[in-house]
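Below are some questions about a structure, with answers that set each value against its definition.

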Amino acid sequence: MNDVKQIAGLTPLRGVAALLVMLMHYQLFIAPLVPVGTTHLFDKLYLMVDLFFVLSGFIMYHVYGGLFATGINKAKFTKFARARFARIYPLHLATLLYLVALAMVCRQFGVTIDGFAGFLFNYEAVPYQLIMLQGIGPFHEALWNTPSWSISTEWWTYMVFPLFMFCLFKFAGWLRLVFVLVIVVAYFWIMFELQPAFWAARWEELGIPDSIPYPVGTIDVITGSAFLRCLCGFVLGLLTYEVYVRDLFKPLFASGWLFALSWLLLLVGWHFDWIYDPIAVSVFAIIILSLSFNSSGLIAFFSHKSFQFLGDISYSLYLVHMPILLSFIVYRKAMYYPDVAESSFGVGYTFSMTHAWLGLFVFLVLTIAISSLSYRYIEQPARKMLK
């Protein structure tokens with residue numbers, strides 16, 4: 001496993017996706033960066049999580065696929081599960097403990113945190129967080145460190161990954177077609193059945209009036225059926241790797257033009273809300289293949305040390321940024337607005353556009369700095385120790 005050659009272009013892609021998730025959460029929880037109604041682009045950045053799912057399936061096949069080609073046994077599974085646990089759990093636990101400590105400090109000093117932040121600090125959800133069930137459990141919100149819902153769904157996807165790999169090697173071509181059909185059906189089931197039901201229950205739990213519409217016709221579910229959402233993207237990543245390993249359409253995918261056109265399609269489609277989520281996820285597969293087939297222009301661009309660095313710390317960026325945002329929300333409420341009743345998604349005040357963008361710059365710099373430290377002093381040491 002350790003001798004598998006790294007696909008260089010995919011590391012920076014993780015960093016870009018993590019930054020876009022951070023941008024979405026800042027826009028949603030701190031301050032709008034553009035006038036309301038100007039674009040749907042920020043609203044659609046939740047799909048960066050699905051890019052992570054597809055990328056995860058692709059990389060798991062690349063790194064561990066051969067391990068389970070001839071079957072599954074206890075030694076193989078234990079080696080794989082230990083490596084994945086060492087990769088994802090230590091930082092998840094560290095960020096969870098930080099937020100629990102933050103909530104306890106607020107309680108100790110009589111700081112009333114209501115609204116969205118207060119809703120997230122739900123002590124009943126802590127056991128689910130500890131056993132990686134936060135994205136599958138009974139809650140209608142991703143509690144505590146909200147991005148960790150996807151980490152929990154990925155963990156359980158890892159648990160069935162060896163079975164998927166064994167089946168792919170055992171039953172050959174026809175099973176791939178079955179996987180494609182199941183993915184398509186599952187995505188549309190999420191869009192038109194599971195997602196509206198999830199958001200209706202979420203609206204009721206958050207106490208949001210029915211007069212405020214919730215989104216429908218997306219794959220944006222983050223608890224319960226979120227596992228199915230993750231599984232669809234992950235299996236699509238496995239199938240994408242099958243295209244890569246067979247060099248199918250390599251000259252086409254290696255073109256930098258296809259990579260650029262893919263992003264253009266996504267950005268324009270998201271801006272006008274013209275593109276269905278499952279189609280967008282399929283475009284992610286094209287982007288991954290474009291980078292994996294090593295287009296010289298793309299690799300030269302993404303090989304810059306700044307992109308590689310962001311890719312290396314991408315997991316820290318993903319898990320650290322929300323505790324930073326929640327710390328700011330708590331601090332702002334406690335120090336400046338203790339008597340202002342918060343709504344479900346924030347208090348009744350706004351920043352100017354200038355202050356919003358300045359705040360974004362500070363947020364990005366601070367998160368990158370803290371993430372580099374957590375990568376160096378939490379992620380890497382814990383991974384070495386646990387593996």
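Q: Why is the contact of lysine 44 with aspartate 273 called a salt bridge?
A: The closest N and O atoms of lysine 44 and aspartate 273 are 3.8 Å apart. A salt bridge is a side-chain nitrogen of Lys or Arg within 4 Å of a carboxyl oxygen of Asp or Glu, so the pair qualifies. This is a predicted model, in which local features need pLDDT of at least 70 and side-chain atom pairs count only at pLDDT 80 or more, while totals for chains, interfaces and linings use all residues. Residues are numbered from 1 along each chain as its sequence is written, and side-chain values use heavy atoms, with hydrogens and water left out.

Q: What parts of the chain does the pair of lysine 44 and aspartate 273 link?
A: Lysine 44 is in the loop between helix H1 (10–29) and helix H2 (48–64). Aspartate 273 is in the loop between helix H9 (256–272) and helix H10 (277–292), and the two are 229 residues apart. Helices here are DSSP runs (H or I, at least four residues), numbered from the N terminus.

Q: Is lysine 44 buried or exposed?
A: Lysine 44 has 7% relative accessibility and counts as buried. Buried means under 20% relative accessible area, exposed over 50%, and partly exposed in between (1.4 Å probe, protein chains only).

Q: How many salt bridges does the structure hold?
A: The structure holds nine salt bridges. One of them joins the side chains of arginine 87 and glutamate 379, at 2.8 Å from N to O. Arginine 87 lies in helix H3 and glutamate 379 in helix H14 (residues 353–386), so this pair ties together parts that are 292 residues apart in sequence. Arginine 87 is buried at 17%, and glutamate 379 is buried at 3%.

Q: What makes arginine 229 and aspartate 220 a salt bridge?
A: Their side chains meet at 3.5 Å, N to O, which lies within the limit already given. Arginine 229 is buried, with a relative accessible area of 0%, and aspartate 220 is buried, at 13%.

Q: Where does helix H3 (residues 74–108) bend?
A: Helix H3 bends by about 35 degrees at alanine 86, and proline 90 follows within four residues. The bend is the angle between axes fitted to the seven residues ending at a residue and the seven starting there.
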